[in-house]
Amino acid sequence: MLTTTLTESLSHEGIALGVASDLIGPTLWEELVQEARLVTESQQWLLALARAGKTIPTVKKAQKSYLLHLLGDWPVYDAQSVWARIAAAPALTATAAEYLGGTPSMRAYNLWYTLPATGGPSGSQLWHRDVDDAHMCKAFIYLTDVPDEA
């Protein structure tokens, strides 16, 4: 079973990799891709500034220079949004519940755009464990392929 395989990997390795459409379903996957495309297209001005290395007025100074939050720093929760429905996808919540040993709750969602780095990885781009909770589970869904050497 998919959730058991992912949970075992989380428990032993601290990370689990899978195919997003298997976890959230092909229909929700297609909706996610379409919504992300719309948001990204609406933020082209922001992406152009970031790619040019310019100061971005909507980004806090302490935020990572290689990472843009396209839905804002703290998007308002909307239960009908594709973002919230992904967090509630049965296989995703079952994996989190099995790993956590209880009912998971979502703390935040966002659409991140990561700018290509000019040097090697740094800061939180390196393998690390987050310290903002004693026991948590984060899900990152890549919308574009990431080469192995990245």
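Contact is defined here as heavy atoms within 4.5 Å. The structure is a predicted model, in which local features need pLDDT of at least 70 and side-chain atom pairs count only at pLDDT 80 or more, while totals for chains, interfaces and linings use all residues. Residues are numbered from 1 along each chain as its sequence is written, and side-chain values use heavy atoms, with hydrogens and water left out.

By the contact criterion, Leu-70 touches Val-39, Thr-40, Gln-43, Leu-46, Leu-47, Asn-110, Leu-111 and Tyr-113, when residues up to four places away in sequence are not counted. For the chain, among contacts with a separation of 6 or more, 70% are between residues 24 or more positions apart.

The chain contains six helices and two strands. Along the sequence, their order is α-α-α-α-β-α-α-β.

Two packed helices are described by the angle between their axes and the distance between the axes. The axes are lines fitted to C-alpha atoms, for helices over the stretch in contact, and the angles run from 0 to 180 degrees between N-to-C directions. Helix 3 (residues 26–42) packs with helix 4 (residues 44–51) at an angle of about 65 degrees, and the axes are 5 Å apart. Helix 3 is therefore roughly perpendicular to helix 4; angles of 65 to 115 degrees fall in this class, whereas those under 35 count as roughly parallel, those over 145 as roughly antiparallel and the rest as oblique. Thr-40, Glu-41 and Ser-42 of helix 3 form this contact with Gln-44, Trp-45 and Leu-47 of helix 4. By class, two of the residues in the contact are nonpolar, three are polar and one is charged. In this scheme, Ala, Val, Leu, Ile, Met, Phe, Trp, Tyr, Cys and Pro count as nonpolar, Asp, Glu, Lys and Arg as charged, and the others, Gly among them, as polar.

Of the 150 residues in the chain, 23% are buried. A nonpolar core is a set of buried Ala, Val, Leu, Ile, Met, Phe, Trp, Tyr and Cys residues joined through side-chain atoms within 4.5 Å. The largest such core has 24 residues, of which Ile-24, Leu-32, Leu-70, Trp-83 and Ile-86 touch the most other members. At least two residues of this core come from each of helix 2 (20–24), helix 3, helix 4 and helix 5 (82–87). Helix 3 makes the greatest contribution, with six residues.

Individual positions illustrate these classes. Leu-68 lies in strand 1 (residues 67–69) and counts as buried because its relative accessibility is 2%. The C-alpha atoms of Leu-68 and Leu-47, 21 residues apart in sequence, are 8.3 Å apart in space. Ala-94, in helix 6 (residues 90–100), counts as partly exposed because its relative accessibility is 31%.

Methods: Helix = DSSP H or I, 4+ residues; strand = E, 2+ residues; numbered from the N terminus. Buried < 20%, exposed > 50% of the residue type's maximum accessible area, 1.4 Å probe, protein only.
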